[in-house]
Amino acid sequence: SSRSRPQSRDKLVAWLWPERDVEHARNLLNQGVHALRRAIGEAGIISVQDELRLDPAAVACDVVAFEDAIAAGELERAIGLYTGPFLDGFHLPGASEFEHWADGERDRLRRSYARTLERLAEAAEERREWSSAVERWRGLVSEEPYNARVTLRLMRALDGAGDRAGALQQARLHALLLQQEFE
């Protein structure tokens, strides 16, 4: 996710093996780089002095593609590229620095996805494309289920689509969720 920015070996060692001594951790990093080069090809990892980086021409990254699509204003494409939380289910025991970094990236990307959904929903509302607006607001409600503002926007879109019963049902579901979660 750092694009083609190089990362120092020291930083990688600190993230991945903070409990190991430097010599042992560097050896583990060298073994990992060797295994990755066998898997993705020699050119996939570029080593310059004490820094490593992935060659974007050799290794595609969904995070980079997602962020590039947003930057290019290709919001529908960006939404299609987002497949869930960053490194969902991936953990490195004993690597608290890595976990802290991954948590930050996960939150940053989730917020970017949510903002993109909201922009698409608002644009659909402006065009009075209610079914599209409902779909986007529903996606955002699933990302932010406790957010009353987002739920109200979904309800308004449902009403705009002529589904008042659906809007009322959404209000009941939101109230029930809040009651169950927060008593």
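Predicted model: local features only at pLDDT ≥ 70, side-chain atom pairs only at ≥ 80, totals over all residues.
Residues are numbered from 1 along each chain as its sequence is written, and side-chain values use heavy atoms, with hydrogens and water left out.

Helices (H or I, at least four residues) and strands (E, at least two) are taken as DSSP runs numbered from the N terminus, and two strands are considered paired if DSSP finds at least two bridges between them. On this basis, 3 strands form an open sheet with antiparallel pairing, in the order β1-β3-β2. The edge strands, each pairing on one side only, are β1 (7-8) and β2 (45-48). Strand β1 is joined to β3 by 2 bridges in the antiparallel sense, with Q7 having L52 as its bridge partner in β3. Between β2 and β3 (residues 51-54), the antiparallel pairing extends over 4 bridges, and V48 stands opposite E51 of β3. The hairpin of β2 and β3 has 2 residues between the strands, and Q49 takes a positive phi near 55 degrees there.

Helix α2 (residues 22-40) lies across β2 and β3 and runs at about 140 degrees to β2, where axes are lines fitted to C-alpha atoms, for helices over the stretch in contact, and angles run from 0 to 180 degrees between N-to-C directions.

The expected span of a helix is 1.5 Å times one less than its number of residues. For the 14 residues of helix α6 (residues 130-143), this span is 20 Å, which agrees with the 20 Å separating its end C-alpha atoms. Residues of α6 that are buried (under 20% relative accessible area, with exposed meaning over 50% and partly exposed in between, for a 1.4 Å probe and protein chains only) include W130, W137, L140 and V141. The buried residues of α6 pack against α4 (75-81), α5 (96-126), α7 (148-160) and α8 (164-182), contact meaning heavy atoms within 4.5 Å.

Within helix α8 lies H174, which is buried, with a relative accessible area of 11%. When residues up to four places away in sequence are not counted, H174 touches P145, Y146, N147, A148 and T151. The side chains of H174 and T151 are also joined by a polar contact of 3.1 Å, a polar contact being a pair of N or O atoms within 3.5 Å of which, within protein, one must be able to donate a hydrogen and the other to accept it, while residues adjacent in sequence count only if both atoms are side-chain atoms.
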